[in-house]
Amino acid sequence: MILALRLSFRQWPVVLSFAVLAFVVLLVLAGPGIVPAEVRELAGDPWEPFGAEHLLGTDQLGRDLLARMLEGGRLTLFLASAVAVLSFVVGLAFGLLAAFLGGLMDTVLSRLMDIIMALPPLILAILVIALLGNSMPVLVGVLVVFEAPRVFRLARALAMEIMTEDFVTAARLRGEGIGWILAREIAPNAVVPLVAELAMRFVFALLFLSSLSFLGLGVPPPQADWGGMARENAPALGFGLPAPIVPAAAIAAVALAVNQIADWLVAASGRRAARRG
Amino acid sequence: MTEPLLRIRDLCIQAAGKRGVTELLRGISLDLHAGEVLGLIGESGAGKSTIGLAAMGHIRPGCQAVRGQVLFQGQDLLRASARALRGVRGGGIAYVAQSAAAAFNPSFTLGAQIDEVLRRFDSRGPAQRRQRIIELMGRLGLPDPAGFYDRYPHQVSGGQLQRAMTAMALAPRPKIIVFDEPTTALDVTTQLGVLAAIRQAIRQEQAAALYISHDLAIVSQVAGRIMVLRGGALVEEGPAREVVERPREAYTRSLLQVGTQPASPRDPSPAPPLLTVRGMRAGFGPFRVLHDIDLTVRKGRTLAVVGESGSGKSTLARVIAGLHAAEDGQVVFAGQPLPRALKQRSRDLLRRVQMVFQSADTALNPSQTVGDIIGRPIRFYFNPPRAEVGQRVAALLEAVELAPELADRRPMALSGGQRQRVAIARALAAEPDLILCDEVTSALDPLVGEGVLKLLDRLRRERGVSYLFITHDLGVVRSIADDIVVMERGRIIESGSRDEVLAPPWHPTTEILLASQPSTAAGWLDRALERRNRLLAGDPNPEAAIAPPPLAANLVTP
């Protein structure tokens with residue numbers, strides 16, 4: 001790996017972000033083992049406050065909120081990761097291809113991506129989900145279509161820049177195929193900015209997914225992701241109860257943490273570029 | 001003796017990096033008096049630019065002055081306030097950088113940008129300032145100075161831009177001007193004119209100057225006194241003529257010897273053609289870059305393609321390599337026609353023609369190790385067992401005089417000369433018949449470049465490989481070429497064996513190139529200018545031609 005990333009404690013927001021992210025991920029993965037209470041059982045009254053029995057209180061049906069949060073967290077983080085990785089792979093493949101092939105292929109792909117980016121994502125997503133029903137594959141598919149063009153643009157720009165370097169010319173002169181040049185000559189030199197982009201895609205996927213669920217178009221019940229839980233518990237705000245704040249805070253915390261890490265990666269890649277120039 | 005204008009005392013500058021502290025300057029002292037030109041000479045890393053910047057009270061980020069003083073008219077610039085420095089910079093001490101193209105803003109006219117500096121120090125009105133700038137532009141030999149004032153940077157040539165930057169520095173009548181490699185990025189023939197203009201302007205303005213260059217010949221023409229630097233320390237110092245004619249230190253002598261060894265003897269026996277180009281034409285859209293090119297590279301010999309930038313020599317290499325399609329013409333390689341497009345060439349044909357690029361920094365993939373870089377062509381073309389690849393890589397590294405242990409390093413961890421050697425090893429790994437060398441030494445320090453040339457010539461003798469060698473440097477040509485073609489504006493204007501082309505009588509263009517080749521000889525600049533002007537005027541004075549140019553002086557036909 002050519003990533004020589006160093007992290008000092010002076011960059012405490014980044015360190016904190018890593019800590020928050022690790023905490024949430026571990027908790028969510030260990031989920032069922034931590035909370036003995038049966039999730040689907042009605043364990044208490046609706047919207048009980050924070051307490052010893054139910055650490056984060058109960059939801060609108062009296063289920064343990066912590067248990068629901070852990071269950072919903074798995075779903076949320078899994079869906080957001082799936083969208084980020086898929087859109088990254090799709091965007092990267094087409095971006096590199098467009099840069100390398102150039103000409104008509106590049107024009108067609110680039111304009112197609114421009115068109116997608118010009119469309120209002122939320123409204124279109126609502127339309128598609130209304131037509132196809134809100135299953136998880138549809139949800140992921142729609143999000144990938146809207147996220148991939150951003151990765152495409154970055155991958156294409158990076159590849160275009162790297163392609164002007166003589167080592168790519170040397171590979172072409174050697175007779176190397178397109179696969180080798182893209183995978184071995186170009187991609188490794190674009191790793192850091194692309195990893196940062198992957199992190200950014202995760203943030204946007206998380207927020208988009210949560211928005212859809214909050215609008216009732218996300219994960220179909222009885223399962224609920226964090227966005228869906230915020231929606232279910234939203235009426236509690238009217239009684240001055242904190243239940244919907246918990247999933248909302250979790251979404252915000254994860255989004256902010258990943259965003260910080262992405263920023264740090266971008267800065268690190270900038271330093272690397274400066275050293276090379 | 002009067003008080004010096006600039007006095008640097010025991011200056012030590014350090015850079016703190018990952019691997020500890022690097023000393024950029026180790027106790028440098030110098031005095032610069034009014035009207036004096038002091039030349040600072042050395043290879044990269046010698047600390048000459050660091051001195052130039054320190055003279056303006058600037059220390060690059062990440063570095064710090066741990067000791068010493070920079071006194072300008074008694075004021076220590078290293079401890080001066082930002083406000084005091086603003087008063088000194090531009091008005092008291094001005095700076096001319098290597099790349100004028102990067103120093104000008106493309107959105108404003110040249111005159112406006114020069115005036116931006118001038119009006120901070122000149123209380124006169126706009127009309128008088130404009131007058132001053134136009135006068136300076138004329139003095140620097142810029143064409144139609146009044147019209148030039150209103151031109152934009154992209155509308156003028158590189159040499160003119162460098163003159164405009166000199167005008168910018170001179171405009172507020174500074175006491176000292178720091179020239180940091182002002183002609184390094186220019187062609188030899190352009191360099192000649194710019195150099196003369198700079199020298200004349202310094203004299204007329206009666207300014208003092210620090211003239212920084214890696215080229216001892218250039219400095220010796222401009223400076224009265226020379227300091228030779230190496231690794232941040234002074235090697236020797238003295239009057240320019242004395243340093244050039246009677247150098248005390250071995251290092252100075254080695255710098256002086258670059259490109260002046262007697263031309264290596266060439267094998268006069270005939271050799272069969274390897275690559276023949278006939279009637280080649282190429283261009284970019286409506287712009288024709290190459291017109292009817294005919295040339296022959298002989299087997300086991302070196303053909304040098306010489307010309308100024310813009311003469312089409314790099315396009316020629318790209319067309320032969322298959323990177324740019326010719327419009328017309330034939331290329332025959334080893335008896336068979338060479339297809340124009342890369343895709344139509346067989347893998348074996350690709351293997352037999354390799355290329356080495358000007359800048360090894362971008363020619364080597366920074367994410368791969370040296371072993372990967374050299375090993376790839378071996379695997380790609382020959383695909384031997386894994387263990388053998390490693391052995392071959394080690395053998396190739398030894399062939400280019402590098403330690404086999406370097407195979408685990410990445411290009412970033414190598415010096416410029418080492419990188420170029422790795423690039424050569426990569427070309428050799430394919431066991432080619434022909435290597436296209438595109439200005440392979442022009443980005444290297446003179447001594448390092450000379451080592452690379454010697455290596456290439458040894459490899460040619462040992463392995464029987466042929467070179468097509470693109471260069472603008474006749475010193476390079478003289479040391480390694482068997483045959484030469486001279487190009488001008490996309491045409492070949494002269495061709496023949498090295499000794500034919502470089503010995504009189506010369507073609508006027510060849511003679512201009514020869515005359516422009518910097519020399520340490522006293523009065524070279526004036527003679528070269530005079531001769532060039534006469535040649536450009538179309539009057540090849542036979543008397544001037546009889547006096548051999550400094551470069552061809554050692555050329556004795558065997």
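A salt bridge is counted where a side-chain nitrogen of Lys or Arg lies within 4 Å of a carboxyl oxygen of Asp or Glu. In this predicted model, Glu147(A) forms such a bridge with Arg201(A), the closest N and O atoms being 3.1 Å apart. Glu147(A) belongs to helix H5 (residues 136–163) of chain A and Arg201(A) to helix H8 (residues 191–214) of chain A, so the pair ties together parts that are 54 residues apart in sequence. Over all chains, the structure holds 43 salt bridges.

**Interface of chain B and chain A**

- The size of an interface is often given as the accessible area lost when the parts come together.
- Between them, chain B and chain A bury about 1900 Å², and 60% of this area is on carbon and sulfur atoms.
- Phe357(B), Thr362(B) and Arg376(B) together supply 25% of the area that chain B buries against chain A, more than any other three residues.
- Chain B contributes 22 residues to the contact, and chain A contributes 19 residues.
- One salt bridge is found across the interface of chain B and chain A.
- Arg376(B) forms a salt bridge with Glu176(A), with 2.6 Å between the closest N and O atoms.

**Helix packing in chain A**

- Two packed helices are described by the angle between their axes and the distance between the axes.
- Helix H2 (residues 65–101) of chain A and helix H3 (residues 103–118) of chain A cross at roughly 145 degrees, and their axes come within 7 Å.
- H2(A) and H3(A) make a left-handed crossing.
- On the H2(A) side, Phe94(A), Ala98(A) and Leu101(A) take part; they meet Gly103(A), Met105(A), Asp106(A) and Leu109(A) in H3(A).
- The contact of H2(A) with H3(A) comprises, by class, five nonpolar residues, one polar and one charged.

**Helix packing in chain B: H17 and H18**

- Helix H17 (residues 416–429) of chain B crosses helix H18 (residues 446–463) of chain B at roughly 20 degrees, the axes coming within 10 Å.
- An angle under 35 degrees counts as roughly parallel, which makes H17(B) roughly parallel to H18(B).
- The crossing of H17(B) and H18(B) is right-handed.
- Seven nonpolar, three polar and two charged residues make up the contact of H17(B) with H18(B).

**Helix packing in chain B: H21 and H22**

- The axes of helix H21 (residues 508–516) of chain B and helix H22 (residues 524–536) of chain B are 9 Å apart, and the two helices pack at an angle of about 165 degrees.
- Angles over 145 degrees count as roughly antiparallel, and H21(B) and H22(B) are therefore roughly antiparallel to each other.
- H21(B) passes H22(B) in a left-handed crossing.
- The residues of H21(B) in the contact are Pro508(B), Glu511(B), Ile512(B), Ala515(B) and Ser516(B), and those of H22(B) are Trp524(B), Ala528(B), Arg531(B), Arg532(B), Leu535(B) and Leu536(B).
- By class, this contact of H21(B) with H22(B) holds seven nonpolar residues, one polar and three charged.

**Backbone features of chain B**

- Most residues other than glycine have a negative phi, and most peptide bonds are trans.
- The peptide bond from Pro504(B) to Pro505(B) is cis, with omega near -5 degrees.
- Pro505(B) is located in the loop between helix H20 (498–502) and H21 of chain B.
- Although Asp10(B) is not a glycine, its phi is positive, at about 45 degrees.
- Asp10(B) lies in strand E1 (residues 6–17) of chain B.

Definitions and conventions:
Residues are numbered from 1 along each chain as its sequence is written. Chains are lettered from A and ligands numbered from 1 in the order in which they are written. This is a predicted model: local features need pLDDT of at least 70, side-chain atom pairs count only at pLDDT 80 or more; totals for chains, interfaces and linings use all residues. Side-chain values use heavy atoms; hydrogens and water are left out. Axes are lines fitted to C-alpha atoms, for helices over the stretch in contact, and angles run from 0 to 180 degrees between N-to-C directions. Helices (H or I, at least four residues) and strands (E, at least two) are DSSP runs, numbered from the N terminus. Angles under 35 degrees count as roughly parallel, over 145 as roughly antiparallel, 65 to 115 as roughly perpendicular and the rest as oblique. A crossing is left-handed if the near helix is turned anticlockwise from the far one by less than a right angle, and right-handed if clockwise. Contact means heavy atoms within 4.5 Å. Ala, Val, Leu, Ile, Met, Phe, Trp, Tyr, Cys and Pro count as nonpolar, Asp, Glu, Lys and Arg as charged, and the others, Gly among them, as polar. Buried area is the accessible area (1.4 Å probe) that two parts lose on being put together, summed over both.
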